[in-house]
Amino acid sequence: DGCGHTVLGPESGTLASINYPRTSPNSTVCEWEIRVKPGQRVQLKFGDFDIDGSDSCHSSYLRVHNGIGPNRTEIGKYCGFGFQMDGVIISKSNEITVQFMSGIHTSGRGFLAAYSTTDKSDLITCLDNASHFSEPEFNKYCPAGCVIPFADISGTIPHGYRDSSSLCMAGVHAGVVSNTLGGQINVVISKGIPYYEGSLANNVTSKVGPLSTSLFTFKTSGCYGTLGMESGVIPDSHITSSSILEWPNQTGQVNIWKPENARLKRIGPPWAAFISDEHQWLQIDLNKEKKITGIITTGSTLAEHYYYVSAYRILYSDDAQKWTVYREPGMGKDKIFQGNTELYQEVRNNFIPPIIARFFRINPLKWHQKIAMKVELLGCQFSLGRAPKITLPPPPQNKNDEKNADFMDDFIHSVKTSLQTDKTTFTPEIKNTTVTPSVTKDVALAAVLVPVLVMVFTTLILILVCAWHWRNRKKKTEGTYDLPYWDRAGWWKGMKQFFPTKAAEHEETPVRYSSSEIGHLRPREVSTMLQTESAEYAQPLVGGMVGTLHQRSTFKPEEGKEASYADLDPYNSPIQEVYHAYAEPLPVTGPEYATPIIMDMSSHPSTPLGAPSISTFKAAGNQAPPLVGTCNKLLSRTDSASSAQALYDIPKGQPGPGSADQLVYQVPQSVAHPTVSKDE
């Protein structure tokens, strides 16, 4: 009466004392006889050991023997609170006996241990979690029987499990190992997430968990895609059932809960059987053989109809005539799968090993009120070939032959359900890995087309890259200071100020000055050509030598020797054009127009009054027409001798001058100047 949680599998298992992890009762005893395949040996590993050793292992202890029965030999006798067992205990044969004795005591949790064959060198117990290992990725062997009521897990696939979760129990929940068989797990550690979801899968309930520093996931075969119930890849005609529920509602309309309604997440009523008994079934035709690794079920999903299936069997067939009930290898009875506990929650069950079949049938065994459900199948395409044909012996003639026939049936089932893929990948997200069951494309053709398309796209990319590099190199060879195309418009606009205006379309208009205005300043050669293009800085009034500048001139005077008046002849000297590289910007407080340049040319002959003129200045009263000279010659103005002030246009934005005779302005830059012929 001292036996606690116990699962003894063919290659591994788990055993614990009664009431573990609470204090075991007084005066109890339990004995486990463990046997594995001949030729193998047994290894025993303790996950926890806490037995009262106050009487030197006299009344409370754990004893391990080689062999079973009266011929067994003792390996060791153990006791003590918090006893640490280094390594494992290994038997000398394929049989081992574990005996637990609990005497009079007041404390002590007892023990929990795991066993396996000695070829499983990386055996762990059901109490190990991810925080016990520092490697970012590792492989371990989980024993059978790790679905224990005193262990917790948080999380689900594919998001991962909290690092405090039991590794083996999480492996059962994820569907990578079987609770009745155990198995190898490949664990990957990664950064934790703020919230872990809870779910029910493979008879294991995962709880909601808070933030953790790390989490772990499992590498699997990757064969967990949906097979087409939810997506509609499986047609309605391939979903059949034993019976259909039909009933009229309050308005008299007949409701039919047909088998094609049994699609997971499909809005509306589910499939429901007309009669609720253990002979009802829902059948799905996958069109061809598939590798089926799991199933997800829900109830009716209708609040007013609280129907769901709580337990069921699975049958499968290749021809829909001969059906095989799913059993786990080594088990002599049908596997009963846990279904739903309410009508909304999705419950997942995995098949280890997977089922290879075309026809799949669900046989409800327990239900709430009525048989009603929605389902989705998980798996992938099966491309490893059919199971090998097995020659059956003749019908049995006696009782011994009947036993051989039963053994042969179990062997056929084991071969049929033991084909697996050979490589593992990361667990894909189940909801986004739908596998189309009716793919008919030739694999060989795809193997040829895919590399060809890759080569074509790669060649096109290389050609574009080479063309781009060749274009850049060509630009570099054209000139060191070549500007990019997006900046050429601004560059041309800035350079146009250094060139004369178009002479073919417009000619210069001569500028006239009075003799009295010219006599005040030292003369310099002045160009009458005016720029018409705008620039970022104010442009020079004249293109040649500039005379004395006033306080607010916008132009930088030339450096060097200044030419005297005697050296210049504005009429006979050759044209010398000197262009300034830049002009200084107008001061912020300066006037709207630049200060005009006034030159004293009183010593030159005055201009006849009869010549016509086009001037850029507005004079008060009658304007005296000036002489017209060549393009770059200065002409004198022959206004009255008493007139010493030049009159100009009224500046924009001003109401008007107080006296028109006192306004002095610059020649406007934006006015085109036509050329006027000079009268000799």
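**Contacts, cores and a sheet**

Guide: Leaving out neighbours within four places in sequence, Ile362 is in contact with Gln280, Trp281, Leu282, Ile295, Tyr312, Arg313, Ile314, Met373 and Val375. Contact means heavy atoms within 4.5 Å. This is a predicted model, where local features need pLDDT of at least 70 and side-chain atom pairs count only at pLDDT 80 or more, while totals for chains, interfaces and linings use all residues. Residues are numbered from 1 along each chain as its sequence is written, and side-chain values use heavy atoms, with hydrogens and water left out.

Visitor: What makes a set of residues a nonpolar core, and which residues have the most contacts inside the largest one?

Guide: A nonpolar core is a set of buried Ala, Val, Leu, Ile, Met, Phe, Trp, Tyr and Cys residues joined through side-chain atoms within 4.5 Å. The largest has 27 residues, and Ile295, Ile314, Phe351, Ile355, Phe360 and Ile362 have the most contacts inside it. At least two of its residues come from each of β22 (282–298), β23 (308–317), β26 and β27 (372–381). Another core, of 25 residues, lies apart from it; Ala130, Cys146, Val147 and Ala170 are among them.

Visitor: Is Asn340 called buried or exposed, and why?

Guide: Buried means under 20% relative accessible area, exposed over 50%, and partly exposed in between (1.4 Å probe, protein chains only). Asn340 has 3% relative accessibility, so it counts as buried. Asn340 sits in the loop between β25 (337–338) and β26 (347–368). Strands here are DSSP runs (E, at least two residues), numbered from the N terminus.

Visitor: What lies 2.7 Å from a polar atom of the Asn340 side chain?

Guide: The backbone oxygen of Gln345 does. A polar contact is a pair of N or O atoms within 3.5 Å; within protein, one must be able to donate a hydrogen and the other to accept it, and residues adjacent in sequence count only if both atoms are side-chain atoms.

Visitor: Why is Thr73 called partly exposed?

Guide: Its relative accessibility is 43%, so Thr73 counts as partly exposed. Thr73 belongs to strand β6 (residues 73–78).

Visitor: Why do β3 and β6 count as edges?

Guide: Four strands form an open antiparallel sheet in the order β3-β8-β5-β6. β3 (28–35) and β6 each have a single partner strand, so one side of each is left without a neighbour in the sheet.

Visitor: How do you know that β5 and β6 pair?

Guide: Two strands pair if DSSP finds at least two bridges between them. Strand β5 (residues 61–66) and β6 have 5 bridges, in the antiparallel sense. In β6, Tyr78 is the bridge partner of Leu62.
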